[in-house]
Amino acid sequence: MFKISVIGAGNGGITAAYHFSKMGHNVCIYDSPNFPQQINAIKQKGGIEAVDELAQCPMILPGFSQITLATTNIQEAMEFSDIYIMICPSFAQEILFKDMIPYLKDGAKVILMPGNYGGLTLNAMLKQSNKANTDITFVDAITIPWACRIVKEASIAIMGIKEFLPLSIFPRAKKTQALAEMLSNIMPIKIEVLDNPIVAGLENINFGGHPLLTTLNMGILENFDGKFNYYKDCCSKATANAAAKMDLERLMVGEALGLKLRSELEAMNALYGCNETSVYDFNRKSTTHEKINSAPNSSKARYITEDVPYLLVPCYELAKACGIKVPIIQSCITIASAYNDEDYFTSGRTLQKMGFTQGTKEEIISFLA
């Protein structure tokens, strides 16, 4: 078993700490001293509870797991382990990594769930720091394994778990069988090693469903405080058709870069063990996602503020580098920017921030090779 430091105490972070501990790993969970509530509650309880029922629906993996260390001291979290699993909003990745850099040691593994091109971005930050020569491995997962929610302090509900976890390993020299076996022993589900972090970013299944469906349904989501089953109520035949068209734009970008990507439907069927024939049918019939009514209730929800700047903007930038027009992706970014009075084309995860200084197709192809 392993010593693991989970960085972030939101829905995914608390669930990760709970499940890793349940598997027998020795777990530390960290969150910023600006957000100490969950950490303090976990300290007081000595661990994390997973409920067996929520809103009269049965949950999976119920019980209680002890947590070895719950802390708001980043040095303590970094010294606890050399395996750091960052489960936090993408905008927080750079903020947290800046705090982590002084304590990084050779051989450290930084696992981002989801990655959203974070491995490339954090590597670029590392190269500009006084730890530039530190031997770090970055692992970008396309998502988190669980469908989960915080119920109350130090308590979570796990609605479902995916069949497997696709992830990338960077730098390429670190992509060894030994590391893959280590990651397999850490994770609660089997892993699939992808070619590189660009594939991992482009294959995040939140790409199609979250930002576009939220953008198209924003008026009713705001006016009724998100009191819907998001996947059933916000996905109609028309919105699913628009999402399918946007998915074709993503696949076209991958093809231009020589990357073979799954369609959104293929990915969702594979990850959740389904066999639906359309995204519409998947959203309407998913037994995992029907268990809770919890839709975004404003344009400040993460389906916009995370998925637009950290999934759509990188895809738009890759398309622009390849000379490809992606009008639906561009429109979704434009509307989201108008919603929140923020230029996501600039503030989002650009090629420059990922370390591509020229931002050309040739530079990207060279990296992929």
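Is Gln 56 buried or exposed? Gln 56 is exposed, with a relative accessible area of 73%; here exposed means over 50% relative accessible area, buried under 20%, and partly exposed in between, using a 1.4 Å probe and protein chains only. Before the close-ups, some ground rules: this is a predicted model, where local features need pLDDT of at least 70, side-chain atom pairs count only at pLDDT 80 or more, and totals for chains, interfaces and linings use all residues. Residues are numbered from 1 along each chain as its sequence is written, and side-chain values use heavy atoms, leaving out hydrogens and water.

**View 1. Gln 56 and Leu 61 have positive phi values without being glycines.** Gln 56 sits in the loop between strand S4 (53-54) and strand S5 (57-58); helices (H or I, at least four residues) and strands (E, at least two) are DSSP runs, numbered from the N terminus. Its phi is near 65 degrees. Leu 61 comes in at about 55 degrees, in the loop between S5 and strand S6 (63-66). Leu 61 is partly exposed, at 26% relative accessible area. For background, most residues other than glycine have a negative phi.

View 2. Look for Pro 114 in the loop between strand S9 (109-112) and helix H5 (118-127). Pro 171 belongs to the loop between strand S13 (164-170) and helix H6 (177-186). Most peptide bonds, by the way, are trans.

**View 3. A cavity is lined partly by helix H8.** The count comes to 1 cavity of 30 Å³ or more, and the largest cavity has a volume of about 60 Å³. On a 1 Å grid over the protein atoms alone, a cavity is a set of points where a 1.4 Å probe fits but cannot get out, and lining residues have an atom within 4 Å of a point. Grid points are joined across faces, edges and corners, and the volume is the space filled by probe spheres set on the points. Helix H8 (206-216), helix H11 (237-256) and helix H12 (264-272) are the elements that give two or more residues to the lining. Among the lining residues are Phe 207, Gly 208, Asp 247, Arg 250, Glu 264 and Ala 267. The lining divides into 4 nonpolar, 3 polar and 5 charged residues; Ala, Val, Leu, Ile, Met, Phe, Trp, Tyr, Cys and Pro count as nonpolar, Asp, Glu, Lys and Arg as charged, and the others, Gly among them, as polar. H8 itself is mostly covered, with 10 of its 11 residues buried, including His 210 and Pro 211.

**View 4. Ile 329 sits in the largest nonpolar core.** A nonpolar core is a set of buried Ala, Val, Leu, Ile, Met, Phe, Trp, Tyr and Cys residues joined through side-chain atoms within 4.5 Å. This core has 73 residues, and those touching the most other members include Met 86, Phe 97, Leu 318 and Ile 329. Helix H15 (residues 307-321) gives the most to this core, with 8 residues. A second, separate core of 40 residues includes Phe 20, Ile 87, Ile 158 and Leu 165. Back at Ile 329, its contacts (heavy atoms within 4.5 Å) include Phe 207, Met 246, Arg 250 and Leu 312, setting aside residues up to four places away in sequence.

View 5. Thr 15 lies in helix H1 (residues 11-22) and is buried, with a relative accessible area of 0%. A search of the whole structure finds 0 disulfides (pairs of cysteine sulfur atoms within 2.5 Å). For Cys 148, the nearest cysteine sulfur is that of Cys 88, 14 Å away. Cys 148 is buried too, with 4% relative accessible area.

**View 6. Gln 38 meets Glu 153 across the sequence.** Gln 38 is found in helix H2 (residues 37-45) and counts as buried at 14% relative accessibility. The C-alpha atoms of Gln 38 and Glu 153 are separated by 5.5 Å, although these residues are 115 residues apart along the chain. Gln 38 also touches Ala 9, Ile 14, Ile 150, Lys 152 and Ala 154, not counting residues up to four places away in sequence.

Methods:
1 Å grid on protein atoms, 1.4 Å probe; cavity = no way out; pocket = protein on both sides within 12 Å on 5 of 7 lines; lining within 4 Å.
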